[in-house]
Amino acid sequence: MGNRVLQASFVAGLALLTGGCGQSKPVAASAPATAQAAATPATPAADETFIASGPLVVENQVDVAAEREGLVYRIFAEPGTKVRRGQLLAQLDDRQVAAEREAAEAKVQAIQANLKNWEAEVQVLKADLERAEKMWEAQLITKQQLDHDRYKVVADQYEVERERQELRLAEARLRALDLELQKTRIKAPFDGLVARRYVRAGQKVALGDRLFWVTVVSPLQVKFTLPEQFMGRVKRREELIVTSLSAAGEERKVRVTEVSPVVDPASGTIEVVAELVGPAGELRPGMTVNIHIDKRR
């Protein structure tokens with residue numbers, strides 16, 4: 001009997017203790033839960049970077065074309081050759097033009113000699129006229145004789161003027177042939193690099209045919225467009241970050257040089273030009289780069 005009472009008392013006490021512990025759990029767990037909620041960061045915002053893309057270009061990049069038809073006599077520059085302005089790239093056959101120029105130069109010299117002869121003749125006739133005027137004053141010759149000497153002077157003066165005009169025409173012809181001769185010499189238009197060669201020795205070219213592609217390699221520029229919302233938010237001399245697939249992980253800086261003052265109504269965009277800051281490294285004209293712009297600006 002005593003053992004049953006003692007066992008019942010123990011069970012009751014155990015139940016009371018168990019019930020008290022069950023009520024205390026929510027209170028004890030509330031503090032850690034609150035601390036964990038406070039430590040959890042807010043949901044990350046959307047990407048705040050706008051990425052535009054555009055090609056790398058240079059200011060001077062042209063196809064050197066033939067200015068006259070002819071046969072390519074010799075090639076002096078190959079792709080990859082660094083050239084200076086005025087350096088010879090190729091030579092067209094110039095034998096015909098050179099012969100015509102030689103003939104034109106001889107004609108100029110002949111007319112110059114003829115002109116000097118007429119000028120000397122005029123001086124002689126002027127001296128004769130001066131003597132005739134004195135003889136007329138002395139009543140030694142008739143008026144008709146004096147007029148005859150005067151007309152001869154006037155006639156020869158016209159001959160002198162005619163020869164001068166002939167000389168001008170001959171000199172103009174000589175200059176034209178000099179220009180044609182220069183056109184047979186294909187030269188670099190500026191300091192740069194020969195990127196491509198379109199012709200070979202012995203090939204006949206026509207007026208306007210492409211011969212070489214000459215380009216500079218720096219400074220590199222990137223041209224890209226932005227939505228009209230960026231009007232006024234991108235300014236000149238501002239620096240932006242660019243990346244390239246050809247140089248993964250490498251970030252470069254460009255400085256804005258031009259910003260279009262108007263919006264293109266067809267696309268709703270503005271055009272921006274930026275220049276690469278520092279050495280080009282692995283970047284080359286024609287590559288495409290990505291321009292990273294903060295939307296929150």
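Buried means under 20% relative accessible area, exposed over 50%, and partly exposed in between, with a 1.4 Å probe and protein chains only. The model is predicted: local features need pLDDT of at least 70, side-chain atom pairs count only at pLDDT 80 or more, and totals for chains, interfaces and linings use all residues. Residues are numbered from 1 along each chain as its sequence is written, and side-chain values use heavy atoms, with hydrogens and water left out.

**Exercise 1. The aromatic pair**

Task: State how many aromatic pairs a search of the whole structure finds, then describe the geometry of the rings of Phe50 and Phe230.

Solution. 
- Step 1. Apply the criterion. Rings of Phe, Tyr and Trp (its six-membered ring) pair if their centres lie within 6.5 Å; planes under 30 degrees apart are stacked, over 60 edge-to-face, and the rest tilted.
- Step 2. The search gives 1 pair.
- Step 3. The ring centres of Phe50 and Phe230 are 5.3 Å apart and the planes stand at 45°, so the pair is tilted.
- Step 4. Phe50 is in strand E1 (residues 49-57), while Phe230 is in the loop between E10 and strand E11 (239-244), so the pair ties together parts 180 residues apart in sequence.
- Step 5. Check accessibility. Phe50 is partly exposed at 22%. Phe230 is buried at 5%.

**Exercise 2. Strand E13 and the core**

Task: Which residues touch the most other members of the largest nonpolar core, and which strand gives the most to this core?

Solution. 
- Step 1. Define the set. A nonpolar core is made of buried Ala, Val, Leu, Ile, Met, Phe, Trp, Tyr and Cys residues joined through side-chain atoms within 4.5 Å.
- Step 2. The largest core has 40 residues; Leu89, Ile186, Phe212, Val222, Phe224, Leu226 and Ile291 touch the most other members.
- Step 3. Strand E13 (residues 269-276) contributes the most, with 4 residues.
- Step 4. Another core lies apart, with 10 residues, including Leu115 and Leu167.
- Step 5. Return to E13: 6 of its 8 residues are buried.
- Step 6. Strand E10 (residues 221-227) pairs with E13 in the antiparallel sense over 7 bridges. Two strands pair if DSSP finds at least two bridges between them. Val222 has Ala274 in E13 as its bridge partner.
- Step 7. Thr269 is in E13. At 18% relative accessibility, Thr269 is buried. Thr269 and Leu226 are 43 residues apart in sequence, yet 5.3 Å apart from C-alpha to C-alpha.
- Step 8. The Thr269 side chain makes a polar contact with the Ser267 side chain at 2.7 Å. Such a contact is a pair of N or O atoms within 3.5 Å; within protein, one must be able to donate a hydrogen and the other to accept it, and residues adjacent in sequence count only if both atoms are side-chain atoms.

**Exercise 3. Helix H3**

Task: Compare the span of helix H3 with the expected value, and say what its buried residues pack against.

Solution. 
- Step 1. The expected span is 1.5 Å times one less than the number of residues.
- Step 2. H3 (residues 143-183) has 41 residues and reaches 61 Å from first to last C-alpha, close to the expected 60 Å.
- Step 3. Among the buried residues of H3 are Leu146, Val153, Val160 and Leu181.
- Step 4. The buried residues of H3 pack against helix H2 (95-137) and strand E6 (185-187). Contact here means heavy atoms within 4.5 Å.

Conventions:
Helix = DSSP H or I, 4+ residues; strand = E, 2+ residues; numbered from the N terminus.
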